[in-house]
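The stops below can be taken in order.

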Amino acid sequence: MAEGVCPPAADNVAVRSAQQDARKARRHRREFLIMSIAFAVNHAAVTTPILYASSVLTSTAGLSGNAVLYGATLVVSLLFANPLFSLLGSNIGLSVSMVCYAAYVFLFSVAAAACVQTDAHGVCTEGSLVQFPAAIVGATIGGCGAGLLWTCQGAIFASSAQRLAEAEHKGMGATTAELAKTFGAIFLGFEAGVRLLTTVLREYAKLSYSDIFYMYSSLALLSALAFMATATNLQSGAAVLNAELFSKILAAGKLWRDPKFWLLQFTNITFGLAAAWLAGYVGENILSKAVSSGVIGFASALTSALAAVLCQVLGTVSQTTGKGPILMLGAVCFALLGALSKVGDPTEWGWGALVFYACMGVGRAVYESTNRAIFAEYFPGPDRSPGVFANVMVFTTGATSVAFVLDATGRAGVELHLLLLCAALTSPGFLLAAVLARRGEAQELLAADGIPP
């Protein structure tokens, strides 16, 4: 055999190894795609009723239901998401959460059907005795599901990125960016479609809101069942049942000792404040007066559609520019959402008032894709990813809850200043977190070589 020529057996081993890696990569992508589609259908069917809560239900029932929904999400994300994740595993946990979401929409539909009187604009002014308890019970179930839902989705996202990176021999940064843009486009695309469909079914098919939401509850349940039937490795938590649950309850809080964790929270807080500002202030005080309240559904669909498209664009761009500039773009758009509210009289802008929803669309694309990819990259591994994504929900939901309270108590000015401040701190926080991450990596390399830091 000539010198320098590899034996045929070695070639065969290399080829088989490459083929195995390719099969693994295809399987991981397929599993991630199944999760993304099922999740997107379920979430779109569930979140749409929230937009109509204050008009389809009485003001008391609608606002109380939303408050309970966010409050339950906050509590479960902080205290119970990790132990439940440990007991159920990511796939079963996600399935259970999606079923809870379907139950929430069903009870919301019951509450909507319990409206007995509306005003000239179609707003519910009086409900039967069934409406309030149905709204509250449904919101409680939905909030419990939401608290676990995003923890499981984040764990699946991080696990898929890590396994795909290993199979394709790529870096985690590029893989998380790719999966983030895929998930964001699917997630937001379905959301935009369902919100447009709601308006079409109501305005043109003349269906009642209760009938529409009954359809959505069925759609949410079907997506959950489809995920259960098609997702592979539906693991249980039997292997960790003996772990101390108290330590699991505190697991989400253990990340708080890492300064990078706090420095990266500004996008989550800013998004929560911006979402509340758009829903609680812009819709009622600007868009409804500049055009009409009837276009709020279309405007919300515009936000989701724009975010879906930009998730693809920004995910690709971030692989060239890095995630920092993309995060800065989101922060600027969130700041503009607040700042433009005080420029002149936006109620005289007519259709130009849709600029607020465009700003939110850009900001949300950054939040749903680049921001989640950053957390998956900075806190990888099964020990940290569930906790960190539980905390993403804690801070986002907490900010939204605080903003709604401020708005309801006449402190919208405080809410606006908090929005602008957190938007301004987003990029400095990320840059400092990146510095700390590089320093930590350098110290790990020195330690591996036996050199004291």
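Predicted model: local features only at pLDDT ≥ 70, side-chain atom pairs only at ≥ 80, totals over all residues.

Residues are numbered from 1 along each chain as its sequence is written, and side-chain values use heavy atoms, with hydrogens and water left out.

**Salt bridges**

Searching the whole structure gives 10 salt bridges, each being a side-chain nitrogen of Lys or Arg within 4 Å of a carboxyl oxygen of Asp or Glu.

Select Glu31 and Arg163. Their side chains form a salt bridge with an N to O distance of 3.5 Å. The pair joins distant parts of the chain, with Glu31 in helix 1 (residues 8-56) and Arg163 in helix 4 (residues 131-168), 132 residues apart. Helices here are DSSP runs (H or I, at least four residues), numbered from the N terminus. Glu31 has 16% relative accessibility and counts as buried, whereas Arg163, at 30%, is partly exposed. The cut-offs are under 20% relative accessible area for buried, over 50% for exposed and in between for partly exposed (1.4 Å probe, protein chains only).

Go next to Glu168 and Lys170, a salt bridge whose closest N and O atoms are 3.3 Å apart. Glu168 is partly exposed at 23%, and Lys170 is partly exposed at 42%.

Then select Asp258 and Lys260. Here the closest N and O atoms of the salt bridge are 3.0 Å apart, and both residues are buried.

For a network of salt bridges, select Glu191, Arg195, Arg364, Glu368 and Arg372.

**Helix 13**

Now show residues 355-378, which make up helix 13.

**Aromatic rings**

The structure contains 20 aromatic pairs, meaning rings of Phe, Tyr and Trp (its six-membered ring) with centres within 6.5 Å. Select Phe375 and Phe379: their ring centres lie 6.3 Å apart and their planes are at 20°, so the pair is stacked. Stacked applies to planes under 30 degrees apart, edge-to-face to those over 60, and tilted to the rest. Phe375 and Phe379 are both buried.

Finish at the aromatic cluster formed by Tyr104, Phe108, Tyr209, Phe213 and Tyr216.

Terms used:
Helix = DSSP H or I, 4+ residues; strand = E, 2+ residues; numbered from the N terminus. Expected span 1.5 Å × (residues − 1).
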